[in-house]
Each structure stands twice: as C-alpha cells, then as structure tokens.
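Below are some notes on backbone geometry, charged pairs and ring contacts. Please read them alongside the sequence and the structure.

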Amino acid sequence: MASIGCESVHNNEIKTQFVTREGYYKLMTSAEYSRPNRLGYTTQTNTTAVKVSFITTINTNHNNTTTTDPNPTNQSVQSTNTSPNTSTTDRICFNVGRELYVYTYKGVKKAADLSKPVDKRVYKGTYPTCHDFNASNITTDCVYLLVGFSAGQIQLIDPIKKEISKLYNEERLIDKSKVTCLKWLPNSANFFIVSHSSGQMYVYKEDLPCGTTPPHYQLFKQGDGFSVFTCKTKSTRNPIFRWIIGEGSLNEFAFSPCSKYLATVSQDGFLRVFNYDTMELIGRMRSYFGGLLCVCWSPDNKFVVTGGEDDLVTVWSFGEKRVVARGQGHKSWVSVVTFDPFTTSYSENFDLSGSEEDVTQQPSGALNANTESNPTTNSYNAINTGVNSRSASTSRSTSGSLNRLNTRSTHSQNITSYRLGSVGQDTHICLWDLSDDVLKQPVGRSRTSILLHSPSTPLSSMSGANAYLSPKGNNNVQTANSVPKENNVSDANILSVNHVIKTTSSDKKEHKRNFSLGSRNSEKNSINKTSHTSKLIDDPNRLLGTAICPRLDEVPLLEPLICKKIAHERLTSLVFRDDCFVTACQEGYVCTWARPGKWGNMQLISSPSPSIGAEVNEMLDDGSSTVV
C-alpha cells in the first residue's frame with residue numbers, strides 16, 4: 001500500500017488540513033502573520049528567503065518578591081521560572097523583503113494582531129537574510145536579537161526596549177558577501193557565529209570591536225577541506241576566529257543538542273561535522289548532486305539530516321559515519337529540514353549505546369603542539385572553557401513541555417521512531433517517520449525492499465532531477481558491487497575507487513535545469529583556493545559509490561508519511577512547537593498549523609481533496625508509512 005497522504009504531487013490545490021496517525025493538523029487562518037496590510041511582496045524584486053525565529057520571555061507578576069539582575073545568571077532565571085507568580089510570553093520575528101517584524105506570538109488560541117508589532121524596521125540598501133534570538137540572556141523586558149544582511153553586515157538589537165543597537169562588519173572589511181546563517185553559541189550570552197556565501201564562517205564576541213582596517217589572519221588549525229585562522233592583532237578584536245570550509249557558499253550550520261558538535265552544509269555538496277571544542281573534522285558526506293542547503297540534528301545527537309538541490313532528504317549516522325537512508329518526496333530543492341521532538345517516540349528503557357559518551361574524542365588540550373606559544377591561546381581557551389561549561393550545564397527551559405523534552409535528551413532515552421519535517425521550493429511539506437527497522441539496516445543492503453514511489457505515480461511523471469536519480473538507467477551508469485564499510489575521510493583512499501560515470505546528452509539536459517555549483521562563482525571562491533582544497537570537489541563523480549556518497553540502491557529510499565502542497569510560493573521556514581508547527585513562504589506569509597486536539601472546538605474547513613475519513617481508514621488499515 002502506498003504511503004499515507006501521498007496523493008498526486010501534481011494536485012495544485014492548496015491544503016488547509018491533513019491527517020496523520022496522531023490526528024488532524026489544521027491551518028489556523030486567524031493566526032497568520034505577515035505585513036500589517038496582509039499583502040505579499042513581489043518575489044521578483046528580492047530572492048531573500050523569509051525566515052522565522054522564536055523567543056520565550058518570563059513575566060514576573062508585581063506581587064512576586066523575586067528580583068532579576070540586568071544580566072541574569074542561569075540560576076536566577078530558573079528560580080524565577082519555577083515561581084508560581086510567573087508566566088511566559090512568546091515572540092516571533094520574521095523578515096519580509098527589506099522589512100523586519102517582531103510580534104507577540106499568540107499561538108493557536110488567539111488571533112494575530114498585526115496592528116501592534118513589538119518592533120518594525122525597514123532597511124535601505126540591504127535586506128535582512130537571517131536572525132536569531134539569544135535564549136541564554138533574556139529578561140522580562142529585554143532580549144538580544146541578531147540580524148544578518150545581504151551586504152554582509154550583522155546587527156544586534158533589542159526589539160523590546162530598543163536601547164541596544166550595534167553593528168558588526170559595518171564597513172564590510174571582514175566579509176562583503178551575504179550572511180547565510182547566524183546563531184548564538186548554545187547557552188552563551190556573548191559569543192555568536194556567522195556564515196557567509198563566501199564560504200567563510202566567523203566567531204564574534206558581542207562586546208568586542210571590529211576594527212577600522214581589514215583584519216590580518218594567521219593559521220591556527222588546518223584539516224581536510226577546512227582551515228581555521230585567528231586575527232593577528234595586538235589587542236583582541238572581532239572576529240576571534242575565521243573558518244574557511246569547503247568550496248562555494250556555506251549555506252547553513254547547526255549545533256548538536258549536546259552543544260559539542262557543529263554540522264555545516266556548503267554549495268560544494270558536502271556535509272561536514274566538526275567537534276567544535278577541538279576544531280577536528282569528525283565526518284563528512286556528499287549530496288547525490290548539487291549543493292546542500294539545510295541541516296539539522298536529531299534530538300539524541302545520533303543523526304544529522306540534510307536537504308538540498310538533489311531534491312532528497314539524506315539521513316547521516318553520527319555513530320556509523322555513513323548515510324543510512326534517503327527520502328524522496330520533494331520535486332524541487334529542499335529548503336528546510338528539522339526534527340519534530342514532540343511527536344518522536346521514546347521507549348521506557350534507557351539505551352546509551354551510540355550516545356555521545358561512546359564517541360572517542362580528542363581532549364581539548366590536543367589542539368596543537370604549539371598552542372602554548374600561540375598569542376591567541378588565551379582567546380581560544382576562554383571560548384573553550386565557556387563551551388565546556390555550557391555543555392556540562394543543564395539547558396534552561398521556559399515551559400513545562402520543553403523541560404520534559406530536555407529531560408528526555410539528557411537521559412539519552414532510546415528513541416524508537418523519529419518524526420522529521422521538510423519543506424521545499426515545490427511548495428510542499430513532507431513529514432517523515434524514521435524508525436529503527438530502516439535506520440539500523442546493514443551496510444550495502446539493497447533498497448528494493450523499500451517502496452520507492454506510489455504505484456499510481458509512474459516514473460515518467462517525475463521531474464528532471466528525480467528522473468535523473470532513478471537507478472533504472474543501468475545502461476548509462478557503471479556501478480560497483482560493494483560499498484566501503486568505513487567512511488575514511490582521506491581523499492587518497494577515495495581516489496583509489498575507479499568509478500566511471502557515463503550519462504547521455506539527454507540526461508545532461510534534464511540535469512541542467514536547476515543545477516548549480518559554488519565553483520561557478522570565481523569571485524567568491526578565489527579566497528578559498530588554499531592548500532586544503534580537495535581535487536575531489538572538482539570531480540564529484542569519483543565519490544559516487546563510496547560511503548561518503550552511496551548510490552541510490554545502496555541505502556534505503558523512503559517515502560514521506562504525508563506530502564502536501566500548502567503554499568503558492570516556495571516554502572522557506574519550518575518550526576515545530578508544542579501545540580503547532582509554523583511555516584513561512586516567499587510571499588511573506590507566516591502560517592500556524594495546530595496539532596491534533598489543539599485547535600479546540602473549531603470546525604474543520606471542508607477539504608477539496610478526497611474524504612479525510614477515507615484517509616483515516618486507509619491509515620488504520622496500513623499502520624505504516626513505509627513498506628519494508
């Protein structure tokens with residue numbers, strides 16, 4: 001039987017509700033956020049994706065005797081959070097064109113009030129591209145919000161009090177390219193990381209200046225496909241570290257839930273996972289083709305999931321250092337992947353196998369034999385000490401549901417099934433269930449036991465990219481009979497695999513439709529042409545068939561649990577919350593979808609799709625999203 005909810009992808013009807021095993025998900029039209037006039041902007045004038053960020057602040061009632069310092073510690077915040085006289089307020093930030101909005105987020109219970117934004121900013125000459133709240137340094141009436149821009153600048157603001165406004169890279173002396181991603185270091189009040197389309201990533205400290213002259217760097221650490229530099233100055237200034245990773249744009253990065261590891265995805269198609277404390281490359285994976293655009297971690301640190309220009313969702317095992325599954329459901333580039341920890345299934349027994357304690361790590365003191373004599377050692381040690389302390393501390397939460405979630409992650413409970421969500425430029429949302437029977441299959445098992453596509457959907461109806469992915473064309477591709485059992489990061493061993501990829505001219509024409517590589521932009525890549533650059537990036541076909549990039553028939557190929565069209569324009573954001581999930585599209589509309597049982601007594605909107613009751617019956621009869 002076909003997967004639940006996977007009706008024809010050619011259905012252009014916008015869905016306002018859908019059903020999964022847990023029940024109905026419903027679009028809350030009254031909880032839609034956008035520009036106050038509710039008019040979308042012309043997408044042709046700006047290609048900057050609409051991003052969404054959330055923060056929860058703690059409100060202390062007047063009869064509460066607890067006082068909060070201007071710079072609260074974790075202990076003071078936790079004591080206030082547990083007080084019976086406190087409440088929480090959610091705030092949402094999103095960017096639309098040249099504008100940035102911050103609203104009080106009322107969730108699924110109350111309608112959005114677009115006439116009263118907490119903060120609204122309109123920029124000239126540049127576009128906001130991404131933003132991130134600091135969850136470790138908040139008070140009742142003060143939050144720190146970082147905003148990255150298309151011209152390379154970074155701004156720090158307080159959207160509530162509006163008393164803080166700092167600019168970093170103001171004169172564009174550090175980097176002139178677009179900011180692609182920025183995040184505060186987990187549980188850090190001062191340090192944040194910024195990545196650019198130049199392929200570089202910088203570590204900043206909030207209270208340090210940037211300088212009035214271009215920074216000079218000296219090599220601090222070097223590895224396969226990356227280099228780390230420090231500022232060569234007499235006094236400490238921003239940036240503290242500069243990372244050069246891969247080739248082309250560094251599209252996104254994400255910290256693991258344990259805060260020890262950093263995953264990055266680049267336009268060269270590589271996922272790279274680092275031990276952030278020791279700056280060591282832990283493992284890597286390459287996309288089937290094209291660049292990787294998004295990345296996320298599973299709640300238990302065991303899996304990293306990516307999406308990109310190959311239209312696939314790829315699951316990489318942190319413990320095994322290999323691709324364990326691919327998901328095929330989108331018909332265009334995948335823009336966001338993220339786990340839903342609130343519908344992830346946990347077993348009652350603890351299972352510490354494969355957890356972070358079992359991973360062999362290098363001590364932080366093993367950075368470099370000459371570290372003690374390096375003038376930047378003190379700066380690094382200060383950061384490293386902060387990272388170790390935040391890793392050892394318990395993450396603070398501002399709601400009971402998140403406290404329960406953190407408790408699960410801390411105790412490394414055995415997860416029996418992961419729920420994953422993805423959205424893409426095809427305007428579809430896909431939900432995936434990743435279970436043990438799929439993720440724990442042995443290396444090299446054929447995917448023929450996994451349902452590839454719905455029987456009602458012929459292969460000829462697939463788009464150019466997915467048609468190219470089909471393994472049916474065996475006469476055009478010479479495949480290997482086995483897969484290496486270990487993911488050796490050394491390029492020399494990969495070069496020894498003699499795989500020759502032969503494609504017909506028609507395949508090349510189909511493949512050219514949306515294919516892009518960062519190497520086409522010589523200006524952005526000129527700074528990356530250092531000794532660490534691998535020749536394999538220029539010839540990605542040599543990696544096909546290795547553990548870094550297995551063929552389609554060498555790993556399970558999954559179907560989504562549901563695949564629904566929910567927008568007219570490409571989807572750019574997906575955030576899972578306790579009672580809902582939130583999506584954003586390029587038109588500038590931020591939509592709230594209530595979880596089953598969370599939309600109260602509101603009646604369901606009549607769906608133009610086939611009877612939902614029939615979907616429920618099919619779901620109960622099937623009982624599985626994939627056929628194994």
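1. In which loop is Pro239 found? Pro239 is in the loop between strand E15 (226–231) and strand E16 (241–245); helices (H or I, at least four residues) and strands (E, at least two) are DSSP runs, numbered from the N terminus. The peptide bond that joins Asn238 to Pro239 is cis, with omega at about -5 degrees.

2. On the basis of these notes: this is a predicted model, in which local features need pLDDT of at least 70 and side-chain atom pairs count only at pLDDT 80 or more, while totals for chains, interfaces and linings use all residues. Residues are numbered from 1 along each chain as its sequence is written, and side-chain values use heavy atoms, with hydrogens and water left out.

3. Asn187 is not a glycine, yet has a positive phi of about 60 degrees. Its place is the loop between strand E11 (179–184) and strand E12 (191–196). With a relative accessible area of 29%, Asn187 is partly exposed (buried means under 20% relative accessible area, exposed over 50%, partly exposed in between, with a 1.4 Å probe and protein chains only).

4. Asn301 also has a positive phi, about 70 degrees, without being a glycine. Asn301 lies in the loop between strand E21 (292–297) and strand E22 (303–308). Asn301 counts as buried because its relative accessibility is 10%.

5. Side chains of opposite charge can pair when their charged atoms come close. The whole structure has 14 salt bridges, a salt bridge being a side-chain nitrogen of Lys or Arg within 4 Å of a carboxyl oxygen of Asp or Glu. Among them is the pair of Arg121 and Asp119, whose closest N and O atoms are 2.8 Å apart. Both Arg121 and Asp119 are buried.

6. Glu206 and Lys166 form a salt bridge with their closest N and O atoms 2.4 Å apart. This pair links distant parts of the chain, 40 residues apart: Glu206 is in the loop between strand E13 (200–205) and strand E14 (217–223), and Lys166 is in strand E10 (residues 165–168). Is Glu206 buried or exposed? Glu206 counts as buried, since its relative accessibility is 11%, whereas Lys166 is partly exposed at 32%.

7. Asp268 and Arg272 also meet in a salt bridge, at 3.2 Å from N to O. Asp268 is buried at 3% relative accessibility, and Arg272 is buried with a relative accessible area of 1%. Elsewhere, salt bridges link Arg21, Glu22, Arg419 and Asp433 in a network.

8. How many aromatic pairs does the structure hold? There are 31; rings of Phe, Tyr and Trp (its six-membered ring) pair if their centres lie within 6.5 Å, and planes under 30 degrees apart count as stacked, over 60 as edge-to-face and the rest as tilted. One of these pairs, Tyr33 and Tyr105, is tilted, with 5.6 Å centre to centre and 35 degrees between the planes. The pair links distant parts of the chain, 72 residues apart, with Tyr33 in strand E2 (residues 23–33) and Tyr105 in strand E5 (residues 99–105). Tyr33 is buried at 1% relative accessibility, and Tyr105 is buried at 5%. Ring pairs join Tyr33, Phe54, Phe94, Tyr101, Tyr103 and Tyr105 into a cluster.

9. Two arginine contacts with rings complete the list. Arg98 lies over the face of Tyr127, 4.4 Å from the ring centre. The charged end of Arg242 sits over the ring of Phe229, 4.7 Å from its centre. A charge sits over a ring if NZ of Lys or CZ of Arg is within 6 Å of the ring centre and within 35 degrees of the ring normal.
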